[in-house]
Structures are given as C-alpha cells and as structure tokens.
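This briefing is meant for a reader who is opening this structure for the first time. Please look at the sequence and the structure before reading on.

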Amino acid sequence: MQFHALLEEWPNESMVFFQKLPGCFSSAPTTEDALRAAPGAVETYLRWLKKNNVVILEEVDAIEVVLSERLRSSGINGPLFQADRDAPDDLAIDNALNVAATARALVIEMVANVPEHLYEQQPASGGWSLTRHLRHIMECEDWYISRLTDQPAPELPTATLTTDEICMRIFERAMDSEIFLRDLTPEQRTRVWLHDDESWTAAKTLRRMAQHLREHYAYMEETIQQFAVNK
C-alpha cells in the first residue's frame with residue numbers, strides 16, 4: 001500500500017508526516033534519513049494501532065512511502081501543505097481524534113503506574129519531568145484548538161495543580177476539544193487561520209495534535225524506563 005508523505009525540513013531536523021495516518025511520523029537530522037526511516041515508522045504505527053484496537057484502515061500487506069509534498073519551515077513555524085488545505089471529512093476527524101484519545105489515555109495510564117515521588121524528578125539524561133510533560137500536554141489541548149479560532153489560547157493556572165489534577169484537566173479539555181472539532185462547519189474545515197505568522201487549518205491541527213501526543217508519550221516512556229534502570 002502506498003502512503004503519501006509530507007516532508008517538513010527544519011534547520012537541523014526533517015520530519016515526515018502522513019495525512020491518512022494521524023499521529024504517524026518520522027524524524028531525523030537529514031531529509032534522507034527521515035525518508036529512510038519513514039517505512040519503519042509506518043510499520044511501528046500500524047502495530048501500535050492494532051495493539052490498542054484502533055481501526056483506521058484495513059490490513060496492510062506491504063508499505064511503500066511516496067513523497068507527496070516537501071516544504072521548508074521558516075525556522076520557527078511549520079509549513080502549510082496543500083494536503084492541509086483539504087477539508088477533513090467526518091471519518092478523517094474521527095480517526096485523528098481516536099488516535100489522539102488513545103495516546104492521551106496511554107499517557108495517563110503510564111503515569112498512574114509510576115510512584116508519585118518520581119513525578120517531579122528530572123531524568124538523569126536531562127529533559128522534562130513527567131509532571132512537566134503532562135502540564136505541557138494540558139496547555140496544548142487549548143492551544144491547538146485556538147489555532148482554529150480568532151482568539152489566542154487562554155492562559156491556564158497550571159502551576160499550582162497537582163499531577164492528578166492535571167490528568168483530570170487533560171481529559172476534561174480533550175472532551176471539549178473533540179466536541180469542537182466534530183462540530184466544525186464545512187467553511188471552518190477549509191478556512192486558513194493565521195496565528196503568529198503561521199497558517200493553520202483543521203487538517204493541519206488534527207495532524208499536529210495527534211503527532212504531538214504520540215511524541216510526548218514516547219518521551220515519557222523513555223523517562224520512565226530510565227527511572228527503572230537507575231533504581
């Protein structure tokens with residue numbers, strides 16, 4: 001099966017996305033390496049879908065990655081692909097939201113199985129604590145939705161929230177986000193919004209939101225594995 005790749009080229013990183021595979025991506029320092037890693041990323045993603053009972057396409061016998069679009073970022077903002085301008089239908093929205101919801105639930109479950117004294121601990125290799133990851137995910141729920149409005153993302157009083165309260169807020173904000181995205185009008189699904197000199201559409205928001213959650217799940221899983229090794 002052919003999977004059409006969207007290639008973002010950043011100053012020190014290249015990233016490959018797939019409009020039909022929300023949350024699937026590969027990244028590497030060079031374009032060549034990112035494209036070379038793409039088939040493996042698709043294979044891993046399909047296994048992840050199957051493991052978590054998420055159905056967005058039929059069984060795949062073979063994987064062929066075809067470069068569809070290639071755009072360079074501005075260095076700060078991500079590009080808007082032509083594919084991002086297409087209006088996502090109800091099924092595309094459902095698929096992206098199901099992937100995002102699964103990744104979100106896995107994040108919460110993973111943290112719930114970690115001793116509380118590790119929530120704020122920074123990994124030995126550097127990077128964020130689990131609580132900081134969760135706080136960032138919570139803030140991004142509103143941020144991504146705000147890309148499809150004329151209003152900036154609201155500021156949330158997150159500093160005083162406990163980790164359990166942050167997890168609850170993530171679920172609450174996700175429910176609101178799902179309702180908002182499913183209720184987008186035909187005009188809203190094709191409209192281009194401009195925020196901080198970056199163009200956004202419904203398709204781009206869904207693509208980036210699902211990718212962001214799966215990316216942070218991987219970061220957090222690696223952190224937890226480091227904690228286990230360093231006991």
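The notes below cover aromatic pairs, charges over rings, a cavity, a pocket, backbone angles and single residues.

This is a predicted model, in which local features need pLDDT of at least 70, side-chain atom pairs count only at pLDDT 80 or more, and totals for chains, interfaces and linings use all residues. Residues are numbered from 1 along each chain as its sequence is written, and side-chain values use heavy atoms, with hydrogens and water left out.

**Aromatic rings**

- The structure holds four aromatic pairs; rings of Phe, Tyr and Trp (its six-membered ring) pair if their centres lie within 6.5 Å, and planes under 30 degrees apart count as stacked, over 60 as edge-to-face and the rest as tilted.
- One of the pairs joins Trp143 and Tyr144, which is edge-to-face because the planes stand at 80 degrees, with the ring centres 5.1 Å apart.
- Trp143 is also in an edge-to-face pair with Trp200, at 5.4 Å centre to centre and 85 degrees between the planes.
- Trp143 belongs to helix H3 (residues 130–146) and Trp200 to strand S6 (residues 198–200), so this pair ties together parts that are 57 residues apart in sequence. Helices (H or I, at least four residues) and strands (E, at least two) are DSSP runs, numbered from the N terminus.
- Trp143, Tyr144 and Trp200 form one aromatic cluster.
- Trp143 is partly exposed at 28% relative accessibility, while Tyr144 is buried at 5% and Trp200 is buried at 0%. Here buried means under 20% relative accessible area, exposed over 50%, and partly exposed in between (1.4 Å probe, protein chains only).

**Charges over rings**

- Lys204 has its charged end over the ring of Trp200, 4.6 Å from the ring centre. A charge sits over a ring if NZ of Lys or CZ of Arg is within 6 Å of the ring centre and within 35 degrees of the ring normal.
- Arg207 has its charged end over the ring of Phe17, 4.8 Å from the centre of that ring.

**The cavity**

- A search of the whole structure finds one cavity of 30 Å³ or more. On a 1 Å grid over the protein atoms alone, a cavity is a set of points where a 1.4 Å probe fits but cannot get out, and a pocket is an open set with protein on both sides within 12 Å along at least five of seven lines; lining residues have an atom within 4 Å of a point.
- The largest cavity has a volume of about 40 Å³. Grid points are joined across faces, edges and corners, and a volume is the space filled by probe spheres set on the points.
- Its lining consists of Ile137, Cys140, Glu141, Tyr144, Met209, His212 and Leu213.
- H3 and H6 each supply at least two residues of this lining, and the largest share, four residues, comes from H3.
- By class, the lining of the largest cavity has five nonpolar residues, one polar and one charged. Ala, Val, Leu, Ile, Met, Phe, Trp, Tyr, Cys and Pro count as nonpolar, Asp, Glu, Lys and Arg as charged, and the others, Gly among them, as polar.

**The largest pocket**

- The largest pocket holds about 540 Å³ of space.
- It is lined by 25 residues, and the closest to its centre are Gln19, Lys20, Leu21, Pro22 and Ala92.
- Strand S1 (2–9), strand S4 (64–72), helix H2 (90–112) and H6 each supply at least two residues of the pocket lining.
- The pocket lining divides into 15 nonpolar, five polar and five charged residues.

**Positive phi angles**

- Most residues other than glycine have a negative phi.
- Asp196 is not a glycine, yet its phi is positive, about 50 degrees.
- Asp197 also has a positive phi, near 65 degrees.
- Asp196 is in the loop between strand S5 (193–195) and S6, and Asp197 is in the loop between S5 and S6.
- Asp196 is exposed, with a relative accessible area of 64%, and Asp197 is exposed at 69%.

**Two residues of helix H6**

- Gln226 is in helix H6 (residues 202–229) and is buried, with a relative accessible area of 17%.
- Leaving aside residues up to four places away in sequence, Gln226 touches Pro123, Ala124 and Ser125; contact means heavy atoms within 4.5 Å.
- Tyr219 is in helix H6 and is partly exposed at 40% relative accessibility.
- The C-alpha atoms of Tyr219 and Ala105 are separated by 15 Å, and the two residues are 114 residues apart along the chain.
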